[in-house]
Amino acid sequence: MSVQIARATAADEDVCREFDPRISEAMIARKIAAGELLLARRDSEAVGYLRLEYLWSKLPFIGLIEVGVAHRNQGVGRALLKFVEEHVRRSGQRRLLSSSMVDQMHAQAWHRRMGFAECGFLSGVNTDGIGEVFFVKEVSG
């Protein structure tokens with residue numbers, strides 16, 4: 001079954017909040033308007049989500065990528081990443097950043113399989129003082 005990736009629309013606000021409950025409704029609406037929220041769908045079901053951020057208003061950063069449990073390991077995350085990489089390339093950027101909490105080994109392994117390389121670390125920035133590992137991927141070309 002194929003996956004379709006598209007930018008979220010105002011009609012998708014509730015679905016986006018389900019995938020990303022930690023950000024406000026107002027922020028969801030702003031990011032939808034800016035084209036920075038992506039949804040992956042199979043048939044009409046939303047099965048994945050990606051929130052794009054920009055560090056210093058210029059460096060593209062995956063703030064969150066989430067795939068529904070029943071749809072993991074089926075190429076949904078890869079499809080979301082491919083879509084955002086193409087967007088980053090078209091916008092003239094050469095790199096895409098992402099991160100994972102240091103205790104999320106599965107997420108770190110996914111980043112490495114997708115071609116990201118570790119590029120830094122922030123200690124104690126998450127709940128319970130857990131650090132964050134940062135990754136970079138070259139997308140030019």
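I count a charge as sitting over a ring if NZ of Lys or CZ of Arg is within 6 Å of the ring centre and within 35 degrees of the ring normal. With that rule I looked at phenylalanine 116: lysine 137 lies over its face, 5.9 Å from the ring centre.

I note that this is a predicted model, where local features need pLDDT of at least 70, side-chain atom pairs count only at pLDDT 80 or more, and totals for chains, interfaces and linings use all residues. Residues are numbered from 1 along each chain as its sequence is written, and side-chain values use heavy atoms, leaving out hydrogens and water.

Next I checked aromatic pairs (rings of Phe, Tyr and Trp, the last by its six-membered ring, with centres within 6.5 Å; planes under 30 degrees apart are stacked, over 60 edge-to-face, the rest tilted). I found two. Phenylalanine 19 and tyrosine 49 form a stacked one, at 5.6 Å centre to centre and 5° between the planes. Phenylalanine 19 lies in helix 1 (residues 13–19) and tyrosine 49 in strand 3, so the pair ties together parts 30 residues apart in sequence. Helices (H or I, at least four residues) and strands (E, at least two) are DSSP runs, numbered from the N terminus.
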